[in-house]
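Visitor: Could we go through a few helices together? Please show me the structure.

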Amino acid sequence: MAEQTAGQRWAWLSVLRRPPVLAMALASLATGFAQFAAIAALGDVAAAFGAEDRADGTLAGAAGLSFTTLGAGLAVVRLASLVGLPLASAADRLGRRRTLLAFLTAGLALTAAAATSQGFWWFVAAFALARPGLSAVNAIAGVVAAEESSTGQRSAAMALVTVGYGVGSGTVTLLRAGLGDLLGFRGLFVLALVPLLVLLPLLARVMREPPRFLDSLSPGTATPPPTTPPPTTAPPATVAAASFAGRQLRAPWRAGLRRRTAVLATTTLTIALASSPATGLLFVYGEGVLGVEPVVVAVAVAGAAPLGAIGLLLGRWAADRFGRRIAAATAQVLIAAAVVTTYAGTVPALIGGYLVVLLAQSAYAPPTGALAAELFPTRVRATAAGWLTAAGVLGAVGGLVLFGVAADAAGHAGAGALAVAVPAILAAGAFALVPETRGGELSDRDREGAADEV
């Protein structure tokens, strides 16, 4: 038994030798590059399409556009991710591989098209069109990574996918800092063509349909059709397809899974409420309000990579040692507290707070990713991931708007940070309402979870 325990202790390292999981990390890298391009270039976009005037002494004068406008613009982009819910759900009906490759292609192409923006709201519209496909890819990548790994590897697989996203977002940040004057925000957006032309063909060769998903399609495990009398006249194919898609979307909210979906949606929403402004407005606040040089912010973001890696290792260790729930709740409280520090009004607080946010976000990903995968059966797992993506979108949108309005009303960004941090701290306790899944395997049973519903 001792030898088995010691072997299991290092079993998570074997995930690095699994091409399907590595492929999902590459897919996440591509989405990180594309999605973070809008955030990294936001200061340049605001200066280009706004009225920058540092002499007027307001947040709007320093940034070029008011924080309310910037928050609303980013909120529209994030809100578009709600369309990612039915897109992610398609992976439960049409297969993981084809949906991921199709939506990644569309998302990267539309990100590159944002280079043609002729105004701030044109920029917002372009990224809003790109966002749904990229959000669906993020959700599906986590599902595939979970299905391609064993219980001892799963938190490490989710960490690896998170690393991919971090590498993508860090790459676009460094490119903007080092080549910003040469590229401009337009050139930065055009670079989304690189992962489209380089990574996508590689993913198409490596990615496969997970065996667990293929097994779930067999007659013995597929979700049975509803027991209703057959109609006298067969409905049109489009009506039948729409009805099936609607049932699939509602599946995570049926009896037996409803509490799990509600709890994870609530925690996902509130953590996005706090963390979205921490990263989304970081560049505008640091460079426009505090006067930090762009290279300083970029170096802080890039230099946080080791901290992110440490956070992932901590999150994986805590998830497997203490359980998914306590690890996730602790990280959520730490993120919220660090957001308040980030916008305290000084450069050291900005850099230090952001580094802690990144550390805690990295630690948050393995336990929550594993928990979300382990709480749902295979035939609804991607749909559930889509619902959590939607919850994250609503939280991010609400956080950007609430932060901007509170900051402008008080004349200080710290007020906005406090407004979004408190709900995240309060909601962390909701993790206690779902079962602990540490040490369990993924379930293929359609009625999994009925016992913990009240």
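Visitor: How far apart are the end C-alpha atoms of helix H8?
Guide: They are 41 Å apart, which agrees with the 40 Å that the 28 residues of H8 (residues 120-147) should span at 1.5 Å a residue. The expected span is 1.5 Å times one less than the number of residues, and helices are DSSP runs (H or I, at least four residues) numbered from the N terminus. This is a predicted model, in which local features need pLDDT of at least 70, side-chain atom pairs count only at pLDDT 80 or more, and totals for chains, interfaces and linings use all residues. Residues are numbered from 1 along each chain as its sequence is written, and side-chain values use heavy atoms, leaving out hydrogens and water.

Visitor: Where is the kink in H8?
Guide: It lies at Arg131, shortly before the proline Pro132, and is about 35°. That bend is the angle between axes fitted to the seven residues ending there and the seven starting there.

Visitor: And how many residues of H8 are buried?
Guide: 23 of the 28 are buried, so H8 is largely enclosed by the rest of the structure. Buried means under 20% relative accessible area (1.4 Å probe, protein chains only).

Visitor: Changing topic, is Thr267 buried or exposed?
Guide: Thr267 is buried, with a relative accessible area of 1%; exposed would be over 50%. Thr267 sits in helix H13 (residues 258-280).

Visitor: Which residues does Thr267 touch?
Guide: Leaving aside residues up to four places away in sequence, Thr267 touches Gln332, Tyr364, Ala427, Ala430 and Phe431. Contact means heavy atoms within 4.5 Å.

Key. Helices (H or I, at least four residues) and strands (E, at least two) are DSSP runs, numbered from the N terminus.
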